[in-house]
Protein chains: 2
Amino acid sequence: MVPGMVAEEKVAMKELSEIISGIKPVDPKWLERAAERQNCLTKPPQSLGQLEDIACRIAAIQETLSPRVDRKLITVFAGDHGITEEAVSPYPSEVTAQMVANFLRGGAAINAVAKTVGAELIIVNAGVAHPIPPVSPLNDHIRSIQKPVRSGTRNFTRDPALTAEEAFSALLLGYDVACQAKRDGVNLIGMGEMGIGNSTSASAIAAALTGSPASAVTGRGTGIDDETRARKLAVVDKGVKLHAFGPDRPFQVLHALGGLELAGLTGLCLGAAVNRIAIICDGFIASASAAVAVTISPAVSDYLFAGHLSTEPGHAIVLEFLGKKPLLQLKMRLGEGTGAALAMAVIDAAVRTFVEMATFESAGVSNKQELSQKANS
Amino acid sequence: MVPGMVAEEKVAMKELSEIISGIKPVDPKWLERAAERQNCLTKPPQSLGQLEDIACRIAAIQETLSPRVDRKLITVFAGDHGITEEAVSPYPSEVTAQMVANFLRGGAAINAVAKTVGAELIIVNAGVAHPIPPVSPLNDHIRSIQKPVRSGTRNFTRDPALTAEEAFSALLLGYDVACQAKRDGVNLIGMGEMGIGNSTSASAIAAALTGSPASAVTGRGTGIDDETRARKLAVVDKGVKLHAFGPDRPFQVLHALGGLELAGLTGLCLGAAVNRIAIICDGFIASASAAVAVTISPAVSDYLFAGHLSTEPGHAIVLEFLGKKPLLQLKMRLGEGTGAALAMAVIDAAVRTFVEMATFESAGVSNKQELSQKANS
């Protein structure tokens with residue numbers, strides 16, 4: 001236990017260590033078994049490229065040579081940020097609530113992308129500051145969880161954004177979503193978020209965890225001008241220096257700098273790993289949340305896929321920190337889980353080819369190895 | 001008309017010019033109208049990256065702000081190659097026929113990927129040299145067209161691979177598939193191919209069209225060793241020099257060096273453009289076929305998307321020649337249309353977001369521009 005911790009922080013750390021104890025890395029033997037199957041399928045060896053590695057990892061996560069990713073879930077965590085007081089975003093925080101209503105009504109980008117890949121959608125209000133405009137009727141395919149931990153975070157240039165207790169409550173919210181998903185039979189989860197100001201929070205977390213300067217991890221978010229970006233950079237720098245936590249104390253980084261939706265996503269990652277469900281990062285903000293989870297428990301990495309590479313400059317830095325190669329590079333920078341959702345199609349194709357393809361033997365197709373053996377005999 | 005042409009070549013060129021006369025570039029006004037709509041949707045401007053450009057182009061192709069890509073078709077053209085006499089592939093040409101049976105039975109990679117994206121599948125025998133092993137029962141979702149123009153091509157290091165008449169017959173086969181697709185309501189086509197030896201043919205076409213040396217466009221295909229690759233490179237070089245056609249005579253490049261399945265795909269591209277259907281390139285071989293089509297009629301480019309970047313070294317060169325940026329980069333190198341099929345998910349998401357998303361006004365979400373106007377007023 002780190003000296004100087006307050007009582008509530010000690011409780012959070014104890015409960016967190018119980019969660020962590022349930023996370024096991026995948027067994028390399030399953031990776032080997034899956035790779036053997038790949039080499040029997042009717043295709044030149046390795047010709048499906050990254051799809052082959054993806055399928056092997058999903059097989060190892062699910063511990064079967066017949067893995068499935070047919071129950072897909074996108075979770076969009078929403079929260080507001082006290083840091084918007086510093087005028088770091090061109091949009092007012094009211095937009096977070098307005099966009100939550102847009103998600104529930106089915107009118108946002110994530111609704112369209114989720115439909116494309118056949119994923120269900122859960123919108124989790126982890127701490128939206130303004131009232132969500134009424135939506136009726138609710139779309140059948142979208143579930144709503146309204147459990148705001150508090151009305152947005154505090155301004156992290158003055159105070160910790162969240163207390164340890166608040167951050168842990170938000171984290172548990174995400175953890176519980178993953179556990180419920182397991183009970184529902186979900187086998188692939190995508191991480192999404194919405195929160196005006198949350199790229200500022202993600203930049204501060206990325207700087208604190210990776211040790212990168214604020215300038216390297218602070219971008220234009222929804223599209224800010226030079227003046228606003230300079231202000232955002234100063235804010236990130238100030239926050240990181242004020243709280244002075246590093247990768248040795250990832251939970252403290254999260255509660256001092258992070259948003260409620262980011263803490264929710266960190267908990268979602270931990271919960272996915274505990275429940276052996278593959279989980280896909282979205283853009284910069286989701287990846288910063290995943291980086292906290294992986295720093296808390298490195299075995300989480302085995303369950304985590306990088307959905308895409310955002311144009312937000314900090315994203316590449318966080319993905320490098322995570323050691324992950326993004327599945328898509330389409331210059332997207334929207335968040336909401338759009339990149340994670342689209343990457344589900346890649347993972348789906350990877351798993352389907354692995355499970356459904358014929359072997360050289362079953363299809364009566366001549367294999368290269370077999371031929372060279374014949375030639376040598 | 002080029003002097004020295006034989007009579008049958010003149011006939012083919014005349015019929016080809018009739019096809020070409022039906023191809024119109026997309027109207028830039030539709031691109032502008034679509035871009036205006038993108039800016040009204042509930043997302044920061046340009047935040048969907050390449051998806052936004054894709055949707056605008058599909059809108060311009062279909063000349064509507066409500067485009068659809070809900071009828072997807074993957075076409076796999078199969079053919080054999082006389083050049084396999086030169087031992088350029090580790091697999092015997094029997095594998096082409098065996099794989100066609102595997103496609104019809106539903107056991108190949110393309111079957112699994114087509115299912116992932118909800119695409120229908122047509123397998124076109126444009127010139128398979130060996131008997132297709134019997135398949136029964138035929139899978140309901142897969143159609144088979146058995147119209148081989150001839151039993152594989154000739155060895156292009158000695159003779160033209162095809163006569164002009166044969167090449168044009170194969171081209172028409174593809175053209176007709178696109179016209180039938182239009183009648184069936186198909187609104188997105190993916191190009192796929194199967195043919196032992198066809199990466200050698202594609203390398204020769206790529207060298208002839210782009211002027212690149214054989215060494216730059218000749219790769220390892222299904223996975224050949226150094227010795228076989230050296231032989232393949234010499235074969236490509238010999239063929240290109242023997243027939244000596246360049247980008248000013250693309251149809252002649254195709255019939256001298258190309259395969260029956262490549263000619264089919266060239267015709268498919270021309271037919272897609274005539275019928276205003278968006279068409280997606282697959283890997284190196286499909287892209288070489290598309291390069292012939294675009295060189296024959298540059299407006300074809302407006303209808304063409306690059307599905308993915310293969311690890312085959314010539315592919316990047318052909319895509320650069322085409323001026324296309326690939327949608328996916330997953331180190332795939334299988335062909336069969338697998339990369340084109342997977343890219344359909346990206347195009348689907350692009351079109352769905354464009355059509356289904358709410359506008360700032362309809363969703364009651366505050367827009368950035370509106371706010372800055374308020375601030376200035």
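Me: What makes A:Glu356 and B:Lys115 a salt bridge?
Reply: The rule asks for a side-chain nitrogen of Lys or Arg within 4 Å of a carboxyl oxygen of Asp or Glu. Here the closest N and O atoms are 3.2 Å apart, so the pair meets the rule. The count between chain A and chain B is 2 salt bridges.

Me: What do the numbering and the values rest on?
Reply: This is a predicted model, where local features need pLDDT of at least 70, side-chain atom pairs need 80 or more, and totals for chains, interfaces and linings use all residues. Residues are numbered from 1 along each chain as its sequence is written, chains are lettered from A and ligands numbered from 1 in the order in which they are written, and side-chain values use heavy atoms, without hydrogens and water.

Me: How do you know that chain A and chain B are in contact?
Reply: Contact means heavy atoms within 4.5 Å. By that rule, 55 residues of chain A are in contact with 54 residues of chain B.

Me: What is the area that chain A and chain B bury between them?
Reply: About 4,600 Å², with 62% of it on carbon and sulfur atoms. Buried area is the accessible area (1.4 Å probe) that two parts lose on being put together, summed over both. A:Tyr91, A:Leu330 and A:Lys368 supply 12% of what chain A buries against chain B, more than any other three residues.

Me: Why are E3 and E6 of chain A said to stand at the edges?
Reply: The sheet is open, with 6 strands in the order E3-E2-E1-E4-E5-E6 and parallel pairing. E3 (142–146) and E6 (304–306) each have a single partner strand, so one side of each has no neighbour in the sheet. Strands here are DSSP runs (E, at least two residues), as are helices (H or I, at least four), numbered from the N terminus.

Me: How do you know that E1 and E4 of chain A are joined?
Reply: Two strands pair if DSSP finds at least two bridges between them. E1 (72–79) and E4 (188–194) of chain A have 7, and they run parallel. A:Ala78 stands opposite A:Met194 in E4.

Me: Which strands of chain A does helix H14 lie across?
Reply: H14 (338–356) lies across E1, E2, E4, E5 and E6 of chain A, at about 165° to E4. Axes are lines fitted to C-alpha atoms, for helices over the stretch in contact, and angles run from 0 to 180 degrees between N-to-C directions.
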